[in-house]
Amino acid sequence: MKQFDVVIAGGAMAGMTLALAINKLSQQPLSIAVIEPFQVDHQAHPGFDSRSIALSYGTVSILKQFGLWDEIAKVATPIEHIHVSDRSHAGMTDIDTQEVGLEALGYVVELADVGRIYHQQAQLDNNIELIQSSVSQVIREETKVQVTLTNDTAVEGKLLVAADGAISTCCQQVGLELTEHDFDQVAVIANITTELAHNGQAFERFTDSGPVALLPMSEGRMSLVWCLRPEQATEVMGYSDEQFLAQLQSAFGWRLGGLKKVGQRASYPLLLRYRQQNVSHRFAVVGNAAQTLHPIAGQGFNLGIRDVATLAESIVAHAAGDVGSYKVLKHFKQLRREDRHATIAMTSSLVHLFSNDYLATRIGRNLGLFAMDNLPVLKTPLLRRTLGLVSR
């Protein structure tokens, strides 16, 4: 049975970032196993599919600290301006790079590109072993954890990290409770081309069925996340491209001129899933396995990277000793408590505030957007979290 210092279940963004970060930070290399059933460079990999994500300024700072940003920067599109508005109402707010004194508010990357880059870097690291399989059983002992895989082999580690998605097999094996809240929305995602150049602008527009977000991408494209009621999403997914673009144009407006082309569409239900407990004996949870958030304000992945960063630093601080000890895990849990709770609460509040059309709520949110745009003291706390400038 192969033995490792750290066993990571899940080789998508959270798991691979953690694996690479540990030995970028550590003076004393640690042996790491990454267990992942899908080939990272394969089209069907669900963690590195055709979706795009927005990396906050804070996340980019973390990736720079880990020496992981330079390669990703080559395939990243900077966000230079964010426009937030409420459909058919007056409230709006703008954020741009000049206002905050940064070269970019964030960057948009395609997950498939990052997956390819991470896979190449992992293969070059002699201390990382990629194992193509899934976890079937977890047995924890006093000083180690044994992980049985679906390919009838097993590995041992001092610490097991669950980065295996919202419905985490590892968390189920360990018995960590999952709390769910259904937002009664479905996200429709696709890539869009527009008549006018995006010029690095990102848009979030609130409608009575949920937010419509467009993020700038390479080659003049934009990444669409369109949140709809389930029955609306079913209808929209059945539209022809022409019908789809016409309906989206009505919801989004004409700030980018006519919407010209839509790529392949996909959809998924929007739920808040989180585990109150993110550690247990010789066990830690990061990324979507710890919490999966609504895409409003783009907080979920960036929160997950802060989990990863703090865990990597906690492990490295004890690299000479027992990286799966109670002391390491307690330190990680305490440092992550406030940020996790605050970000989950903020995201859920925004969904409920901006996803209905009750008169009082509509007036309140429009006054709020107007006040944010005119009173910097109100904009700053939300802006800092949006930019990922929060303490870990």
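Q: Why is S133 called buried in this predicted model?
A: The relative accessible area of S133 is 5%. Buried means under 20%, exposed over 50%, partly exposed in between (1.4 Å probe, protein chains only). The value 5% is under 20%, so S133 counts as buried. The model is predicted: local features need pLDDT of at least 70, side-chain atom pairs pLDDT 80 or more, while totals for chains, interfaces and linings use all residues. Residues are numbered from 1 along each chain, and side-chain values use heavy atoms, without hydrogens and water.

Q: Where does S133 sit, and which residues is S133 in contact with?
A: S133 lies in the loop between strand 8 (128–131) and strand 9 (135–140). Strands are DSSP runs of E with at least two residues; helices are runs of H or I with at least four; both are numbered from the N terminus. Beyond neighbours within four places in sequence, S133 contacts I35, E36, P37, L149, T150 and N151. Contact means heavy atoms within 4.5 Å.

Q: What makes helix 2 roughly parallel to helix 9?
A: The axes of helix 2 (residues 57–65) and helix 9 (residues 300–317) come within 10 Å and cross at roughly 30°. Axes are lines fitted to C-alpha atoms over the stretch in contact, and angles run from 0 to 180 degrees between N-to-C directions. Under 35 degrees is roughly parallel, over 145 roughly antiparallel, 65 to 115 roughly perpendicular, the rest oblique. Therefore helix 2 is roughly parallel to helix 9.

Q: How do you know that strand 3 and strand 7 pair?
A: Two strands pair if DSSP finds at least two bridges between them. Strand 3 and strand 7 (residues 106–110) have 5 bridges, in the antiparallel sense. So they pair. I53 stands opposite V109 in strand 7.
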